Amino acid sequence: MPDLGIDVLFKGTNMLRLLGGLWVAARISLISIVISMPLGILVGALMTMKNKIVRAICRIYLEIIRIMPQLVLLFIVYFGTTRAMGWNLSGEVASVIVFTLWGTAEMADLVRGALISIPKHQYESAEALGLTKVQTYIYIIIPQTVRRLIPLSINLITRMIKTTSLVLMIGVVEMLKVAQQIIEANRMTSPNAAFGVFLVVFLLYFLVCWPISMLAKYLEKKWR
Amino acid sequence: MADTLLKVENLVKEYDGQRILDGIDLTLAQGEVVVVVGPSGCGKSTLLRCINALEPVQEGSISLHGKDIRKGSKNITEMRQKIGMVFQSYELFPHLTVLDNITLSPVKVQKRKKDEVKAEAMELLQRVGLADKAGSYPRQLSGGQKQRVAIVRALCMHPEILLFDEVTAALDPEMVREVLDVMLDLAKQGKTMIIVTHEMQFAKAVADRVIFMDQGQIVEEAKPEEFFEHPKTERAKQFLNVFTFEHVEK
Amino acid sequence: MNWEFIGKYLPLYERAAVLTVKIGLIGIAFAILVGLLCAAIQYYKVPVARQIVAVYVEISRNTPLLVQLFFIYYGFPKIGIRLTPEVCGVIGLAFLGGSYMAEAFRSGLESIEPIQKESAISLGMNHRQTFQYVILPQAISVSVPAFVANVIFLLKETSVFSAISLMDLMFTAKDLIGLYYKTTESLFLLVVFYLIILLPVSILGTLLERRVRYAGFGD
């Protein structure tokens, strides 16, 4: 059995440092999710409004955010703001801004999709039963929308977590960066560490995302 | 009686441990029209699906001209071409035009000449009043039109026997007649048919023989006048009462 | 905005864009192959292979491309597998995209009601004919929106290639920012080039989706 360098992780605090890196990525995702969920619901609801101008503005926002690779957005916010506005954002703040903008756009699209997927008859039959507009939303529309929405939102969370791996590229010290540092520091004693350490990073990402995906899949099946 | 075309003997079909068909015996002569009636879940549609070898059976035999036609039997794809089936939900192929729906199988399966099949398809469409729809796609047709196309599609394979599985059940009332008229016309031409339906007036008009099924068994079998005027069994009487309002108390 | 600078470095971006598109397209082509194979295995419920596909799909969908690439590019040489950045990019994209394409094709196949198959069978078609003439054409048209969405997603994912020292658009932009501090110009060119790559596909996707959703066959 050749030395694949996994033992490096058991030296000193290496494993803890790696998990610390994972936490940095997770923290960015969590903050972004918490902010972008309500914003996304708001924007998504705005997009089903009759007002054409509101809809157009939301649409443009959505298209711009969604067509650009997230890494490009990270570059724009991280490097661009420094130049254009003289702000000196830390990589982590820039990441939260980008993921919030992106998460809001994705969430808005999901909300809009869920809202327009409710057939018109549902509104009409609620009205026929004498429910007010507010009652119709509270008792008929929102419960159905939420059931469609929750599995998709959970999926969005895994996408967000996976995407946070990109923050390495704007200098945030997250799991991949820590992994690189560990490999670099042990270059002499454990030349093959790159295999073992990156394998562990790979598996850690999987272990975080997979259960969440499974939950989404389960809920989707249950509520279909 | 004329030659026996189809013979079903002691047919048993089970699904999830439940008996759907429980010892069905049925023979069909050339040119005969049999209408199968009965309450929902009595097994009448399953019987058609077994005859078309879409369902495996557990016991008994089904034969056409004395040849086994159960699902999984030898040369079943070839034998199946001799049996045409029309479904309640039409099942036209949505990605093909009306004409292509009709000609696909004769050309690809029976390897007949495209021109010849096309000519025949057009003639049949003409007869059901849909010649102008040959280039349309299924979604541009009404339910009644789709069902007439489905019948033409089955006919174009030159089947020896035609199975109709509640073909008017999904149609709006005003479209039922146009489909039933096509079937009456086929009966007049001497086609052999098994028809599962809930249209009792139509059954009376088209059938040579009526079969009443309940709980997977054939309960009664008679000429249509006899069955509808003087049903023998209690179950048949009860079933037929559902279709009249004579016993409603004011 | 310094237009002179932009003019000067335009060719550099062009070269990078060509590289991005080239590796992107080759990777997507392989992803389609992997996806078709996996979808067929799942649709026909091939024993053993089906379980392997299920595991592959979960792994591929629940790990980031960047981590996959790091593992392939920096990890594999340690067990004797040395690959160029270009090959790594293609493999990574095929590994990631294969599962997304498989899901698109699979849901297309599964969206066709079993009674359509029965209807074809009752017209005397055998399994191959049923698949070829009835199931496949319908399944493909159902998968089109998801397929195009995947192509866009994968093209966007190519942006991480710079991490394994591929001289793509991101690499070029970062290089110029680092060397000359021409941040605005570098980012401007970056956005423009990504728009040139992604906008046509996105517009095509919207058109196709509208056609499939609102019109279907026959309009």
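These legends describe close-up views of a predicted model. Residues are numbered from 1 along each chain as its sequence is written, chains are lettered from A and ligands numbered from 1 in the order in which they are written, and side-chain values use heavy atoms, with hydrogens and water left out. Local features need pLDDT of at least 70 and side-chain atom pairs count only at pLDDT 80 or more, while totals for chains, interfaces and linings use all residues.

**View 1. Chain C against chain A.** Here 36 residues of chain C are in contact with 34 residues of chain A (contact means heavy atoms within 4.5 Å). About 3,300 Å² is buried between the two chains. Carbon and sulfur atoms give 77% of that area. (Buried area is the accessible area, taken with a 1.4 Å probe, that two parts lose on being put together, summed over both.)

**View 2. The salt bridge between chain C and chain A.** The count for this pair of chains is one salt bridge. A:K217 and C:E58 form it through their side chains, at 2.8 Å from N to O. (A salt bridge is a side-chain nitrogen of Lys or Arg within 4 Å of a carboxyl oxygen of Asp or Glu.)

**View 3. The side of chain C that touches chain A.** Four elements of chain C each supply at least two residues to this side: α2 (49–61), α3 (65–75), α7 (169–180) and α8 (183–215). (Helices are DSSP runs of H or I, at least four residues, and strands are runs of E, at least two, numbered from the N terminus.) The largest share, ten residues, comes from α8(C).

**View 4. Chain C against chain B.** The contact takes 21 residues from chain C and 26 residues from chain B. The two chains bury about 2,100 Å² between them, with 60% on carbon and sulfur atoms. The count of salt bridges is one. B:R49 and C:E118 make this bridge, and their closest N and O atoms are 2.6 Å apart. The elements giving two or more residues to this side of chain C are α5 (114–122), α6 (127–157) and α8. α5(C) gives the most, with seven residues.

View 5. A:L9 lies in the segment before α1 (14–47) of chain A. A:L9 counts as buried because its relative accessibility is 2% (buried means under 20% relative accessible area, exposed over 50%, partly exposed in between, with a 1.4 Å probe and protein chains only). Beyond its neighbours within four places in sequence, A:L9 is in contact with residues including A:L18, A:I182, A:V197 and A:V200. A:L9 and A:G196 are 187 residues apart in sequence, but 8.7 Å apart in space, C-alpha to C-alpha.
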